[in-house]
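Visitor: I have a chain open here and would like to go through it piece by piece. Can you take my questions as they come?
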Amino acid sequence: AMVGIRAEGDLVRVADELGKIDEVDYVVITAGSFDILLELVCEDDDHLLRVLSEQVRVLPGVRDTETFVYLKLTKQTYAWGTR
């Protein structure tokens, strides 16, 4: 799932703390509607709910979240570096 986070305070600190969660695969600080985007890889919906409730939403600085559950991956590319 992709999770959009609206945060307060030091965004780098919040992003670093989110990155310590085992299920977090990807964390970026962004501009726009969300301050931080992260990707969670969970076994099932119950696991996702536990991680969101017990680790993400309770983290100091996390104001609110919006979760986007992936239904189907149609393309994934790893192109490291700049173009």
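Visitor: Is F68 buried, partly exposed or exposed?
Guide: This is a predicted model, and in it F68 has 36% relative accessibility, so F68 counts as partly exposed.

Visitor: How many aromatic pairs are there?
Guide: The count is one aromatic pair. The rings of F34 and F68 have centres 6.2 Å apart and planes at 90 degrees, so the pair is edge-to-face.

Visitor: Where do F34 and F68 lie?
Guide: F34 is in the loop between strand 2 (24–29) and strand 3 (36–40), and F68 is in strand 4 (residues 62–68). The pair therefore ties together parts that are 34 residues apart in sequence.

Visitor: And F34, buried or exposed?
Guide: F34 counts as buried, at 13% relative accessibility.

Visitor: What does F68 pair with in the sheet?
Guide: F68 in strand 4 is the bridge partner of M2. Strand 1 (residues 2–7) and strand 4 run antiparallel and are joined by six bridges.

Visitor: In which order do the strands sit?
Guide: The four strands form an open sheet in the order 2-3-1-4, with antiparallel pairing. Strand 2 and strand 4 are at the edges with a single partner strand each, so one side of each has no neighbour in the sheet. From one strand to the next, the twist averages 20 degrees.

Visitor: What about the helices?
Guide: Helix 1 (residues 11–19) lies across strand 1, strand 2, strand 3 and strand 4, and runs at about 170 degrees to strand 2. Helix 2 (residues 45–56) also packs on the sheet, where it touches strand 1, strand 3 and strand 4. The direction of helix 2 makes about 165 degrees with that of strand 4.

Visitor: Change of topic. How many salt bridges?
Guide: The count comes to three salt bridges. In one of them, the side chains of D64 and R6 meet at 3.0 Å, N to O. D64 lies in strand 4 and R6 in strand 1, so this pair ties together parts that are 58 residues apart in sequence.

Visitor: How exposed are D64 and R6?
Guide: D64 is partly exposed, with a relative accessible area of 28%. R6 also counts as partly exposed, at 23% relative accessibility.

Visitor: Which residue does R63 form a salt bridge with?
Guide: R63 forms a salt bridge with D64, and their closest N and O atoms are 3.9 Å apart. Through shared partners, salt bridges join R6, R63 and D64 into one network.

Visitor: What does K20 meet in a salt bridge?
Guide: The side chain of K20 meets that of E17, at 2.9 Å from N to O. K20 is exposed, with a relative accessible area of 59%, whereas E17 is partly exposed at 28%.

Visitor: Why would such side chains pair at all?
Guide: Side chains of opposite charge can pair when their charged atoms come close.

Visitor: Take V14. Where is it, and is it buried or exposed?
Guide: V14 lies in helix 1. With 0% relative accessibility, V14 counts as buried.

Visitor: What does V14 touch?
Guide: Setting aside neighbours within four places in sequence, V14 is in contact with A7, E8, I36, L59, P60, G61 and V62.

Visitor: And what is I36 in contact with?
Guide: Not counting residues up to four places away in sequence, I36 touches V3, G4, I5, A7, L11, V14, A15, L18, V27, V28, I29 and T30.

Visitor: V27 is on that list. Where does V27 lie?
Guide: V27 lies in strand 2. V27 is partly exposed, with a relative accessible area of 28%. Not counting residues up to four places away in sequence, V27 touches A15, G19, I36, L37 and L38.

Visitor: What separates V27 from E39?
Guide: Their C-alpha atoms are separated by 6.7 Å, and V27 and E39 are twelve residues apart along the chain.

How values were computed. Residues are numbered from 1 along each chain as its sequence is written. This is a predicted model: local features need pLDDT of at least 70, side-chain atom pairs count only at pLDDT 80 or more; totals for chains, interfaces and linings use all residues. Side-chain values use heavy atoms; hydrogens and water are left out. Rings of Phe, Tyr and Trp (its six-membered ring) pair if their centres lie within 6.5 Å; planes under 30 degrees apart count as stacked, over 60 as edge-to-face and the rest as tilted. Helices (H or I, at least four residues) and strands (E, at least two) are DSSP runs, numbered from the N terminus. Buried means under 20% relative accessible area, exposed over 50%, partly exposed in between (1.4 Å probe, protein chains only). Two strands pair if DSSP finds at least two bridges between them. Axes are lines fitted to C-alpha atoms, for helices over the stretch in contact, and angles run from 0 to 180 degrees between N-to-C directions. Contact means heavy atoms within 4.5 Å. A salt bridge is a side-chain nitrogen of Lys or Arg within 4 Å of a carboxyl oxygen of Asp or Glu.
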